[in-house]
Structure formats: structure tokens, C-alpha cells
Amino acid sequence: MKILIKILLTILFSITSLFSQWERCNGPYGGVINSLYSKEDTIFAGSSVGVFKSTNNGNNWFAIDSLKSYNYTCFAENSSFIFTVSVAGGVYKSSDCGETWVAIHSDLPASNKNFVIVKDSNVFIGTSKGIFK
């Protein structure tokens with residue numbers, strides 16, 4: 001019986017230590033995190049209040065001023081650009097690892113933009129009115 005108790009305690013402590021390895025990052029704060037994406041040394045967090053980036057492994061986060069106040073849900077990339085979509089705000093691309101962003105949604109119908117993927121040379125946008133490329 002003592003051996004069984006020792007085995008059970010060993011398993012319990014092993015499982016507990018597995019989950020205790022997670023550590024909360026220092027931000028970003030102020031919204032729900034919807035998506036995470038990494039490119040080179042930069043981590044992007046799409047949130048309900050904008051896009052944030054970290055260039056020091058999540059120790060500090062900075063809001064991207066041109067991508068504030070929208071619900072960003074997804075990131076994708078091809079060989080030239082990073083893309084992000086916001087539910088109400090639109091579709092944006094960056095050619096400089098997130099330093100600057102350009103809106104590319106002017107010819108899309110008014111709708112929620114929910115997802116973006118890149119397949120070969122095509123960029124697909126999933127919206128509330130269908131999929132567009």
C-alpha cells in the first residue's frame with residue numbers, strides 16, 4: 001500500500017510541475033488576445049484593442065499605433081508581406097516586419113474580415129460575406 005501511495009504522489013507532483021512551467025508575459029494589457037504570430041525576432045499579438053509587438057521575447061510589448069481600436073483575429077505571410085485582418089477594420093499588410101502597415105481592403109465588400117491565409121501567390125480573406133482572393 002505504501003508503494004502505491006508513493007507512486008501516486010510521484011505522479012501527482014510530476015503532473016503539477018508540468019503545468020507550473022508556464023509564465024505570464026509582461027503584457028500586452030487591455031484586451032483579449034485573439035492571435036499570436038512570430039516573424040524573425042518579432043512576436044505580434046492581435047487583440048480586441050489592436051496589434052502589439054515584442055522584439056525581446058515577450059518581455060515588453062508595444063502597441064502599433066496604426067493598428068489600434070479594432071479586433072485583430074489572424075496573421076499570415078508570404079515571401080514579401082505580413083498580413084493581418086480585423087473584424088471591423090479591414091485587411092492590412094506590412095513589408096518591413098510590422099514597422100509600417102498599409103490598408104488593402106478598399107475593394108472588399110463591407111463585412112467582417114475574420115481570417116487571412118496565404119496559399120502560393122494568393123491571399124485569401126474570410127469574411128462574413130464569403131471568401132475573397
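Glu 99 is exposed, with a relative accessible area of 52%, where exposed denotes over 50%, buried under 20% and partly exposed the range in between, computed with a 1.4 Å probe on protein chains only. The structure is a predicted model, in which local features need pLDDT of at least 70, side-chain atom pairs count only at pLDDT 80 or more, and totals for chains, interfaces and linings use all residues. Residues are numbered from 1 along each chain as its sequence is written, and side-chain values use heavy atoms, with hydrogens and water left out.

The partner of Glu 99 is Lys 53, and the closest N and O atoms of this salt bridge lie 2.6 Å apart; the term requires a side-chain nitrogen of Lys or Arg within 4 Å of a carboxyl oxygen of Asp or Glu. The pair links distant parts of the chain, 46 residues apart: Glu 99 belongs to the loop between strand 7 (90-94) and strand 8 (102-103), whereas Lys 53 lies in strand 3 (residues 50-54). Strands (E, at least two residues) are DSSP runs numbered from the N terminus. Lys 53 is buried, at a relative accessible area of 13%.

The structure holds four salt bridges in total. Another of them joins Lys 68 to Asp 65, with 3.2 Å between the closest N and O atoms. Here Lys 68 is partly exposed, at 40% relative accessible area, and Asp 65 is exposed, at 60%.

A further salt bridge brings together the side chains of Asp 120 and Lys 119, at 3.7 Å from N to O. Asp 120 has a relative accessible area of 64% and is exposed, while Lys 119, at 49%, counts as partly exposed.

Notes
Helices (H or I, at least four residues) and strands (E, at least two) are DSSP runs, numbered from the N terminus.
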